Amino acid sequence: MSLSFKAMTYFTAALRHGNIARAAAELNIAASAVSAAIDQVEAAFDLTLVTRQRARGIQPTASGRVVAAKIDRLLEEYRAVMVQGADLRHGAGGTLRIGYYAPIAPAFLPRILDQITADGSGLHLHLDACDNDAAQSGLLDGTYDAILFVSDVAQPAVAFDPLVQAPPYCLLPLSHPLAQLEAVSLAQIAREPMIVLNRPVVSGYYQSLLDAHDLEIAAYANSTEMVRSLVGAGRGCAILNMHPLSTETYAADRVVAVPIADPLPPLTLSVGYDKSRPRRVVADFAAACRAHFGTGGAGLATVVPPPQA
């Protein structure tokens, strides 16, 4: 079964007007062409979709209303694709949808986006903070064009480029004695109450560190800024992986990121996207991500532990 775009257009116009002659006038074609299109659609589905009454024009049957609604949606999507076709091919504009599971993404994502929007191409951005699984699912189902996520637990179907490995560090209030050290050990951290970032993926990662060293948990918080604010207020210290450029919390307290001397596994931030046939703007975004973290951006977002003796 196949139907032409023309036949579907004529069919929906006839039902919208409820009159073949008025539909023909709108389309600037002969009424016989509209009537023939109705016949073609009915033949394709092997259903009676329209009742014709000389005095009252035409009316859709129950099946006709269902088919017309589906054809309307199909035509709308087709027209939208045609309108946006140039943008989809050349990446000069359109929409870029990014999902990110990176609590400090606001510290670096605007700079990355500057590299692909500086030419004033009219690119529309949709940026969604989400959890790691939702980011990957969104990439696979087409919700997102690209994602920033922790690839240590990547789904098999997700293609990605690693950007930076972020080792854990200890976040402390500026006034804390340990904040003056070049590096701290987990044994030293174990004497302090801990503020734990309670987010998917990282919560399990941090919990494994805590369990291995019997650390006391003072509070859980599901946002990095709340963790930072609790640390700044003197409620305890925290173990995190990436850090923003500012040393101030929302409450204007000062905090310090101190490397951890113990050899601990890092977390890997990656950019996920369709690597087989990406739109130009998606490929440009991935390239901008790689360039940012390959030319100094990694040093701004991570705390490198001291070399092992």
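In this predicted model, arginine 290 is partly exposed, with a relative accessible area of 38%, whereas aspartate 161 is buried, at 10%. The side chains of these two residues, arginine 290 and aspartate 161, meet in a salt bridge with 2.7 Å from N to O. Because arginine 290 belongs to helix α11 (residues 280-301) and aspartate 161 to strand β6 (residues 160-166), the pair ties together parts that are 129 residues apart in sequence.

| Pair | N to O distance |
|---|---|
| Arginine 290 and aspartate 161 | 2.7 Å |
| Aspartate 39 and arginine 52 | 3.1 Å |
| Arginine 228 and glutamate 225 | 3.4 Å |

Arginine 228 and glutamate 225 both lie in helix α10 (residues 224-232), 3 residues apart, about one turn of the helix. Arginine 228 is buried, with a relative accessible area of 3%, while glutamate 225, at 22%, counts as partly exposed. Elsewhere, salt bridges that share partners join Arg97, Asp145 and Arg279 into one network, and the count of salt bridges comes to 8.

Which residues of α3 are buried? They are Val34, Ala37, Ile38, Val41, Glu42 and Ala44, and because they cover an arc of only 160° around the axis, they are on the same side of α3. The face of α3 turned away from that buried side carries the exposed residues Ser32 and Ala43. After α3 comes aspartate 46, whose phi is positive, near 55°.

Key: Residues are numbered from 1 along each chain as its sequence is written. This is a predicted model: local features need pLDDT of at least 70, side-chain atom pairs count only at pLDDT 80 or more; totals for chains, interfaces and linings use all residues. Side-chain values use heavy atoms; hydrogens and water are left out. Buried means under 20% relative accessible area, exposed over 50%, partly exposed in between (1.4 Å probe, protein chains only). Helices (H or I, at least four residues) and strands (E, at least two) are DSSP runs, numbered from the N terminus. The arc is that of the directions from the helix axis to the C-beta atoms. A salt bridge is a side-chain nitrogen of Lys or Arg within 4 Å of a carboxyl oxygen of Asp or Glu.
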